[in-house]
Amino acid sequence: MARSFAIKHQPGFTAIAATCFVVLYLPIVVLVAYAFNAATSTSEWGGFSLKWFQSAWQNSQVIDATLRSFQIGAVAAILATIFATMAALATTRTAPYRGLTFKYAAINQPLMVPEIVTGVALLIFFSRIKIFTGYSGLGYLIAAHTAFCIPFAYLPIRARLENMDLTLERAAADLYATPWQTFRRITLPLLWPGILAGLMLAFVISLDDVVITEFVKSGGQDTLPTYMLGQIRRGITPEINAISTVFLLLSVVIVTLFFFISRKRD
Amino acid sequence: MPDKPGRNAIEVKNVRKIFGTGEAQVAALDTVSVSIRENEFFTLLGPSGCGKTTLLRLIAGFDFPSAGEILLHGQDIASLPPFKRPVNTVFQSYALFPHMTVAENIGFGLEMLGKPKAEIKARVAEMLKLVKMEALSGRRTSQISGGQQQRVALARALAPQPKVLLLDEPLSALDYKLRKEMQIELKRLQHETGITFIFVTHDQEEALTMSDRIAVMSSGKILQVGTPWDIYDKPAERFVADFIGETNFLTAAIANIGNGKVRATLKSGATIDATVAEGFQPKDNATVVVRPEHAKLTNGKGELSGAVENIVYFGTDTHIHVRLDSGEAFTVRQQNTRSAGCGFERGDTVGISIGNDAAQVLRD
Amino acid sequence: MASAEEVAREAERRDIRTRWLLSAPALLVIFFAATGPLLIVLVYSFLTPGPYGDVKWQFSPEAWISVFMERDIFDDTLSLAAAHVTIFWRSIKLAIITTIATLALGFPTAYFMATRSEKTRDLWLFLITIPFWTNLLIRTFAVLQIIRNEGLINTVLLKLGIISAPIQILFTDTAILIGMAYVYLPLMVLPIYASMEKLDFRLVEAGYDLYATRFQVLRRIIFPLVKPGVIAGSILVFIPALGAYVTPIVLGGGKNMMLSNLIELQFGQGRNWPLGSALSIAVMVIVMVALLAYVRNAGRSEVRHG
C-alpha cells in the first residue's frame with residue numbers, strides 16, 4: 001500500500017523538537033534529584049535524604065527572604081493587575097483616539113528596555129528619594145515590581161477584552177442596565193479569567209526578578225532570588241537545590257492553574 | 001391604498017447619520033423619514049450596506065443620529081441612551097449572556113428595571129411558556145441549540161414588555177427549515193403580544209411573507225414604503241422592482257395620465273394600460289415593469305413578439321426567455337402541468353400577451 | 001434639550017476622558033518606576049563622579065569618553081579602552097549567537113508543536129510553559145550543575161572513557177552561551193508557536209500542489225507567514241540576552257563580564273556612576289538600533305515576498 005504524502009512533515013524537525021524538550025527538562029530533573037542527596041557535596045550521591053529541605057526550613061534567612069518575596073509579589077501583582085485591567089479597559093474596543101498609540105508604547109516600555117538599565121535608573125532615582133525622605137522600606141521594591149509587572153498583567157487581560165463580543169454589553173444596555181451595571185454584571189464576569197491569568201503572570205514575574213531587585217533593595221531586603229544568587233556566588237550546597245525544588249513546584253502549580261483558567265472558554 | 005390608519009409607534013423625521021470625518025465621510029442614512037404604526041409588523045428590507053441596520057441601531061440607541069428626530073409615541077428619544085428607551089432588541093448573534101442561565105437571561109431586563117423578585121419570577125415563567133422553553137430554564141445558553149437560543153433571545157427582549165421590539169436579521173443564522181418555522185412563530189408572537197415589531201432583513205421572501213408593511217432601502221435612503229402587495233406589484237423605482245422578485249423592464253412612451261392610470265405605448269407599437277408610481281414625471285422614455293407571471297406566451301397574438309432564446313425548468317413552473325423584436329429581453333413564467341412540456345422550443349417565434357392590470361410605470 | 005448630535009459628541013468626549021482616567025494609574029506607575037528614571041540616567045551620564053559613589057553636580061563629558069577610551073594616568077593621552085571594547089563585543093556577539101541558536105532550535109520545536117493534534121498540542125504547550133514560568137536563576141543554576149567539572153556531562157563522559165579529564169565548560173563564554181540559549185529558548189518558541197498555530201495548512205497543500213519541494217514550502221510559504229512570530233521571538237530573546245546579568249555571574253564566574261556586569265561594577269567598587277549611566281544609555285541605544293533595524297528589515301522583506 002502506498003503511504004500517503006505527509007503534508008506537515010519537515011525532515012529533522014521532530015528530532016530537534018525532541019532534543020529541545022529533553023534538554024529543557026534534563027537539568028531541572030538533575031537539580032531536583034540533588035535536592036534529595038544526603039551528601040554534603042553536590043558532586044557525589046550519598047543516598048536519599050530530606051535533610052536539605054529541613055536545613056532550608058530552619059534557615060531563618062531563607063524563610064525571611066521567601067516571605068519578603070511573597071509579600072512584594074502579592075502586593076505588586078495585585079496593584080499591577082488592577083492598574084493593567086483599568087488600562088486594558090481604556091485601550092481596547094474603541095476607535096483610535098489621540099494618545100492611544102502613546103498608551104500602548106508607554107505600557108509596553110518596560111519590556112523594551114534591558115532590566116539592567118531599568119535597575120540602574122531606579123538605583124539612582126530611588127537613592128535620591130531615600131536621602132530626601134528618609135524612607136527606605138519595601139515601598140521602592142513594590143513600586144519597581146508593580147511597574148514591570150503591568151505590561152505582563154496587561155497582555156492576557158487585553159487579549160480577553162479584545163475577543164469579547166461587544167454586542168453582549170450592547171444587549172445589557174438595551175435591557176436597561178446602566179453603564180456601571182453593565183460593567184458589573186457582564187463585562188467583569190466575562191473578564192475574570194483574563195484578570196486571574198494576568199494576576200498569576202504578574203506574581204510569577206515578580207518572584208522571578210533578580211536584576212531590578214538587586215539594584216533597588218536596601219540592606220536586609222533580600223528576596224529569595226537575590227538571596228540565592230548571593231549563595232551561589234559563594235559556592236553551592238544542596239540547600240539551594242532544595243529551595244529551588246520547592247520554588248519549582250510552586251511554578252508548576254501556578255502554570256497549571258493559569259493553563260486551566262486561560263483555556264477555559266465562555 | 002389598503003393601509004389601515006393607526007397611531008404611530010415610531011416616527012423617524014429627516015434622520016441623517018454620517019460616519020467618519022472630512023474626506024472619508026459616508027452618509028449611512030441620507031435624510032430618512034418613516035412612520036411605524038402601533039401593533040404593526042414593519043420590515044426594513046434592503047441589501048447589506050443600505051442603512052437598514054444603522055436605522056435600527058439609531059432607534060435602539062446604540063448610535064446617535066447626526067441630524068433629525070426619532071419619536072417614540074410622540075416623544076423625541078434620539079438623544080437617550082439605550083437603557084432609558086422602552087425599546088428592546090433581538091440581536092443577529094442573539095448576544096445571550098454566556099455566564100447566565102436561560103432564566104437569568106430572560107429576567108435580566110426586569111432585574112435592571114428594579115422589579116420585585118416575585119414579579120420577575122412570574123414574568124420569566126410566562127415568557128418561557130410563550131416561547132415553549134419551560135424545560136430548559138436552568139440551562140446555560142451554551143448548552144442549547146441555535147433555534148432554542150433564538151427563542152431565548154426573543155423571550156429576553158419581550159420580557160420587559162417594550163413598546164417596540166427591534167429584530168436585527170434574527171433568522172439569518174438558522175437553517176432553512178428552522179427559519180420557516182421561526183417565521184410563523186414570530187408572526188404568532190407579534191399577534192399574541194401586540195407589540196410593534198421592526199424587523200430588519202435582506203431576504204425579500206421573508207419580508208413579503210411576514211410583514212404588514214415593508215420599507216425598501218438602498219444607499220441610505222428609503223425608496224418605498226408599502227404593504228407586501230404594494231411593493232411587489234406596484235414598485236415605485238427600478239431598484240425596488242429589481243430587488244424583489246423577477247421582473248421585465250420595457251421602455252415605453254406614456255400618455256393619458258390621470259387617476260393613477262396611463263396608456264403606455266411600447267416599442268412594438270402596442271399600447272397597454274398601466275398603473276403609475278407616485279411622483280412620476282412625464283418623460284419620453286419611461287420604464288414599464290411586467291412580472292413574468294403576468295404575461296402569457298402565445299403562438300403569434302399579443303402586444304409583443306420575439307424569439308424563444310432559452311427555456312429553464314423549475315419544477316413548479318418554467319421560465320421562457322424571449323428576445324423581443326425590439327431587442328429587449330423578456331421572461332414569461334408558465335405554470336407547469338404534469339402531462340406535457342411547456343409547448344415551445346428554442347428558436348420558436350412567439351407572441352406575448354400582457355394581461356389587464358399587469359403593468360406598472362416606474363418613476364425613475 | 002440638546003440635540004442628539006451634541007449628546008453624542010459629549011458622550012464621546014466623556015468616554016475619552018474616562019479612558020485617560022482609567023489608564024492614569026498604570027501610566028503614572030510606569031513613568032515613576034520605569035520610564036522616568038531613564039531620563040535621570042541620561043543626565044547623570046554627563047556629570048562628575050562623586051568620591052564615594054553618586055555624583056557631583058558638575059558637567060563633564062568624561063563618562064562618555066571613557067565608554068570606549070582610556071586616559072593615560074601620566075600624560076593624559078587617550079587610547080582605545082580595550083577592556084570595554086572587548087566586553088561590548090562579547091555581549092553583542094553572545095546576544096546575537098543566542099538569538100540565532102534559539103531560533104534554530106525553537107523554530108522546529110514550535111513547528112512540531114503546532115502540527116500535533118488539537119488535544120496533544122495543549123500538552124506540549126504546557127511543557128514549554130513550565131520552564132518559561134520557572135525562575136530564571138533556578139534554571140541557570142540547573143545548567144551550572146550539569147556543565148560543571150563534576151556535573152552530569154563530564155561525569156558521564158568520564159565514566160564512558162571518552163575523556164580522561166573533565167572538560168572545562170564552566171566559566172567560559174561557551175557556558176554563558178549554553179546558559180542563555182537554555183533559559184531564553186521558551187521565549188523564542190512561544191511567539192513562533194502562537195503564529196504557527198494560526199497557520200492554515202491548506203496553504204501548504206496548495207504549495208505542494210504547485211510543485212514546491214518540502215524546503216521550498218518551508219521557505220516560501222511557512223516562514224513568511226509565521227515571520228511576525230519569529231520577529232517577536234527574536235526581540236524577546238535579544239533584549240534580555242544583551243543585558244544578561246544573572247547568567248554571566250553564575251556561569252561566567254564573574255570573570256567573563258558582559259555589559260550588565262560592567263555597569264554594575266561602576267555602581268559598586270568602580271564608584272563611577274556617570275560612567276555606569278553612560279554605559280546604560282549605550283546599551284539602550286544598541287537595543288533601539290537593533291529593534292529598528294530588525295523591524296525595518298522585516299517590513300522590507302515582507303513587501304518583497306508579499
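Biologist: What makes residues 137–157 of chain A a helix span, and how far apart are the end C-alpha atoms?

Modeller: Helices are DSSP runs of H or I with at least four residues, strands are E runs with at least two, and both are numbered from the N terminus. Residues 137–157 of chain A are 90% helix and 0% strand. Their end C-alpha atoms lie 31 Å apart. This is a predicted model: local features need pLDDT of at least 70, side-chain atom pairs count only at pLDDT 80 or more, and totals for chains, interfaces and linings use all residues. Residues are numbered from 1 along each chain as its sequence is written, while chains are lettered from A and ligands numbered from 1 in the order in which they are written.

Biologist: What are residues 167–193 of chain C, helix or strand?

Modeller: That span is 78% helix and 0% strand. Its end C-alpha atoms are 35 Å apart. UniProt's unreviewed entry includes 167–193 of chain C as a "transmembrane region".

Biologist: How do you know that strand 9 of chain B is largely enclosed?

Modeller: Count C-beta atoms, placed from the backbone, within 10 Å of a residue's own: 20 or more others means buried, 12 or fewer exposed, in between partly exposed. In strand 9 (residues 213–218) of chain B, 5 of the 6 residues are buried, so the rest of the structure largely encloses it.

Biologist: What makes strand 9 of chain B and strand 10 of chain B a pair?

Modeller: Pairing needs at least two DSSP bridges. Strand 9 and strand 10 (residues 221–226) of chain B have 5, in the antiparallel sense. Val216(B) stands opposite Gln224(B).

Biologist: How many residues of chain C are in contact with chain A?

Modeller: Contact means C-beta atoms, placed from the backbone, within 7 Å. By that rule, 68 residues of chain C touch 70 of chain A. Helix 1 (residues 4–44) of chain C gives the most to chain C's side, with 18 residues.

Notes: UniProt positions renumbered as here; feature names shortened; annotations may be inferred. Contact = placed C-beta atoms within 7 Å.
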